[in-house]
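User: I am new to this structure and would like to go through its packing with you. Could you show it first?

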Amino acid sequence: MLSMSNVSPSPGTPMAASPLTRACLEIDEYAAGLGWDQPARLFALVDTAKLKKQEPRLASQLGLDQDDAGNTSLTPIEQDELPKGTPLDKFLGTVAWPDAVVGCALTVERLMLPPSAEASVPEGLNDKQLSKWVAGHPERQEVRLTVAVLRDGSRESAVRLREKDSSTEVLTGGGLVPGLAEALAATFS
């Protein structure tokens, strides 16, 4: 594993039903604490109970409670910074995880358009032209996407709008960002 930082839930992080949803929301809350205009961040997801048993020193460094051995939670471990200038899809194509990593997550900021504006996208634009067009569109919205996947195919996403930057306004769902979820799942192939 690369550089590590513990992501612990803040008091504003809502309790979620599944460990994957909780991990996704914890990462979203961590990213929110760093502010906007941040680079993409990649996280390994490890089984907390196994981490405590197999790597007690690391678990201690991460501040994990040793009394909770039966817990079915996931611990996000932030990886080294993504290489600057490398497109995200190309970078993800180079990622491979050791067996101890049960999942991964990524948080990235993007500009999005509402569905009503997507019909007005000019045809024939390359990626750079399309990005410029979206950036100049009056209905664009800045969002932070946090997407998490497990080796077993489970997926979760958290979407935070910059204009509604509150943990109570975060949208969650497994199918919100399917392309990014697919790219993350491919890192386990």
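User: Setting aside neighbours within four places in sequence, which residues is Leu180 in contact with?
Analyst: Leu180 is in contact with Leu88, Leu92, Leu106, Val108 and Val147, where contact means heavy atoms within 4.5 Å. This is a predicted model, in which local features need pLDDT of at least 70, side-chain atom pairs count only at pLDDT 80 or more, and totals for chains, interfaces and linings use all residues. Residues are numbered from 1 along each chain as its sequence is written, and side-chain values use heavy atoms, leaving out hydrogens and water.

User: And which members of the largest nonpolar core touch the most others?
Analyst: They are Leu42, Leu92, Trp97, Leu106, Leu180 and Leu184, out of 30 residues. Such a core is a set of buried Ala, Val, Leu, Ile, Met, Phe, Trp, Tyr and Cys residues joined through side-chain atoms within 4.5 Å; buried means under 20% relative accessible area (1.4 Å probe, protein chains only).

User: What does the second core include?
Analyst: That separate core has 13 residues, including Leu25, Ile27, Leu74 and Val170.

User: Changing topic, where is His137?
Analyst: His137 lies in the loop between α6 (127-136) and β4; helices (H or I, at least four residues) and strands (E, at least two) are DSSP runs, numbered from the N terminus.

User: Is His137 buried or exposed?
Analyst: His137 has a relative accessible area of 11%, so it is buried. Apart from neighbours within four places in sequence, His137 is in contact with Leu113, Ala117 and Ser120.

User: What comes just after α1?
Analyst: Gly35 does, with a positive phi of about 90°.

Key
Buried < 20%, exposed > 50% of the residue type's maximum accessible area, 1.4 Å probe, protein only.
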